[in-house]
Every structure is written in C-alpha cells, then in structure tokens.
Amino acid sequence: MTDKFTKMTNMSKNLKIELNKKRRYDVLNFLADGEYWTTAENIRALLNVEHLAYVRRFLDTLIRDQFLIKQSQIVNGYSKNYYCITSLGFEFVCVEDEPKKSKLSHLTMYHNELVQRLHIAALKSDKFVTWQTEIVLKRKQEFKSYPDASFNDISIELQRNAYSIDALHKKIGLCLADWFDKKFRQILFVCVDNLTAERLNDAINKVNEIKNSRGENILVTVEMKAIFKCINYDEFEGFLKDE
C-alpha cells in the first residue's frame, strides 16, 4: 500500500523524523513483546514497506544506537542475518525483560521465522489481538501442550512435516488436556512445506482413541475432533477475517 507515509522522498524533514521514530517504537515493541529477534524480511512486512534495502538501513540505525545486535546463522545451507533486541532496546520501550532470551538456534530459526510472520499478519488484521509467543507461554508453566503461539484463545501450531502415528496421538492428547482445562477453545494447525491441511485433517479424523496421563484409553469424540482446525499457511489471513 503506497501513501504519503511510505513515500519518504515527498515528506518534510519533520514528518520523516516522526515516521522514523514511530517505526522504531513499532519494531522494538514488537520484539519486546516476546519475539526478541527478527529478520529484515519480517520487518518489511511489519512496517508495510516495499524495499528490503531500506529496511536493512533502518535496522542498521538501531544497531548503531545499540538497540539491536545482528547475528548470523547458517539456515538451510545459507548465511542469514537476525536482529536481536538488547537491554537498551527494552529500556527504550519501557519493558523490563532479559535479552538473553534472544539466543538463536539454527535448528529452529526457519520454523520460528514463519510463526513470526503469522504474528505480523494477526497484528495487521482488524481483529483485537492478544498474541503470546512460545517463550511467553512457557514462562507461565500452565500448559500441557505448548503451542508455537496463541492468538486470543486459539492455540497456534505451525506444522511443516507429517506426524508419526504415535506423535500425533500424543499431540492430540496434550491439546485435549489443555482444552479440557479451558486454556484454549480451538487448536489451529497451520500447515506448510511438506504438509497440507487436507492431509493432516485426514490423519486427525482417523484418531479415535488416545491414552491419558494414567495410560487409560480415552475415546476421541466428534466434539473433541471439532476443536482441531487445519489450514494451509497462505490461508491464515482469510482465517483471521472469518474469526
């Protein structure tokens, strides 16, 4: 979307300063709200700007002012830059937290990057958003199945590969335990890469029995299966509109 706020060259100096200040707050608040790190591509989506080169220069100014640090990781055979919030970054947006939570792992970075894009899509929707990241959820220590995120009272699970039979049974059991405890009203599987929503939905519908924490067999009823919803990654924005 192009307007007077994105056409930087047509802005007055004061307007550019105000826009830059707002974008700083937007990025640092986003990171301080349980994300801790990001990529230039994700910030381009968050700020709704066209050019990645501009985003990188903008992020470099935050590094210069010691609000961010840049780290490189090898992901899928390629070096990629990640931008992590610092103690000064937290202070800038008046959030008390520990930047040590921004520790990166090459094993999960791509997965987490995709989840972060779902967060950005939720923020840009016209819905009231209460988004909690996996890190924030784990701090609470009150869930059986820690999802990748939660959106309002919906558990978000990003799934890139098919579950084994045993893993699927276990996951359904843990999700149902949280549902029975009224932690979530729905479990949303967002499928991408090697898995489609149709395939996962078929697999869930074939699960008729699981074991509880005591090893007892529990029937999975139609009502229980109804709390699970599977969509493909590119359907998430449509899901937000219908929710």
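Q: What percentage of the residues of the protein count as buried?
A: This is a predicted model. Of its 243 residues, 42% count as buried. The protein has ten helices and ten strands, and its C-alpha atoms fill a box of roughly 65 × 35 × 35 Å along the principal axes.

Q: Why is Asn-42 called buried?
A: Buried means under 20% relative accessible area. Asn-42 has 1% relative accessibility, and therefore counts as buried. Asn-42 is placed in helix 2.

Q: Why is Ala-45 called partly exposed?
A: The partly exposed class lies between the buried limit, under 20%, and the exposed limit, over 50%. Ala-45 has a relative accessibility of 31%, so it counts as partly exposed. Ala-45 also lies in helix 2, which spans residues 40-47.

Q: What makes the approach of Asn-42 to Glu-113 a polar contact?
A: A polar contact requires a pair of N or O atoms within 3.5 Å, one able to donate a hydrogen and the other to accept it. The side chain of Asn-42 reaches the backbone oxygen of Glu-113 at 3.3 Å. Setting aside neighbours within four places in sequence, Asn-42 is in contact with Glu-113, Gln-116, Arg-117 and Ile-120.

Q: Which residues does Ala-45 touch, not counting residues up to four places away in sequence?
A: Contact means heavy atoms within 4.5 Å. By that criterion Ala-45 touches Ile-120 and Lys-124. Arg-117 is 72 residues from Ala-45 along the chain, and their C-alpha atoms are separated by 7.9 Å.

Q: What makes a set of residues the largest nonpolar core, and which members touch the most others?
A: A nonpolar core consists of buried residues of listed types, such as Val, Leu and Ile, joined through side-chain atoms within 4.5 Å. The largest such core has 24 residues, of which Val-27, Leu-59, Leu-68 and Ile-85 touch the most other members. Two or more residues of this core come from each of helix 1 (13-35), helix 2, helix 3 (52-64) and strand 3 (78-85). Helix 3 gives the most, with six residues. Beyond neighbours up to four places away in sequence, Val-27 touches Ile-43, Leu-46, Leu-47, Phe-58, Leu-59 and Leu-62. Apart from this core lies another, of 22 residues, including Trp-179, Ala-197, Met-224 and Phe-228.

Q: How do you know that strand 1 and strand 3 pair?
A: Pairing requires at least two bridges between the strands. Strand 1 and strand 3 are joined over two bridges in the antiparallel sense, and the bridge partner of Trp-37 is Cys-84 in strand 3.

Q: Which strands are called edge strands?
A: Three strands form an open, antiparallel sheet in the order 1-3-2. Strand 1 (37-38) and strand 2 (68-75) each pair on one side only, and are the edge strands. Helix 3 packs on the sheet, touching strand 2 and strand 3, and its direction makes about 125 degrees with that of strand 2.

Q: Why are the buried residues of helix 8 said to line one face of the helix?
A: The buried residues of helix 8 (residues 197-205) are Ala-197, Leu-200 and Ile-204. Seen down the axis of helix 8, they fall within an arc of 70 degrees, so they line one face. They pack against helix 7 (165-180), strand 7 (186-191), helix 9 (222-225) and strand 10 (228-232).

Terms used:
Residues numbered from 1 in each chain as written. Predicted model: local features only at pLDDT ≥ 70, side-chain atom pairs only at ≥ 80, totals over all residues. Heavy atoms only, no water. Helix = DSSP H or I, 4+ residues; strand = E, 2+ residues; numbered from the N terminus. Buried < 20%, exposed > 50% of the residue type's maximum accessible area, 1.4 Å probe, protein only. Axes fitted to C-alpha atoms, helices over the stretch in contact; angles between N-to-C directions. Arc of directions from axis to C-beta.
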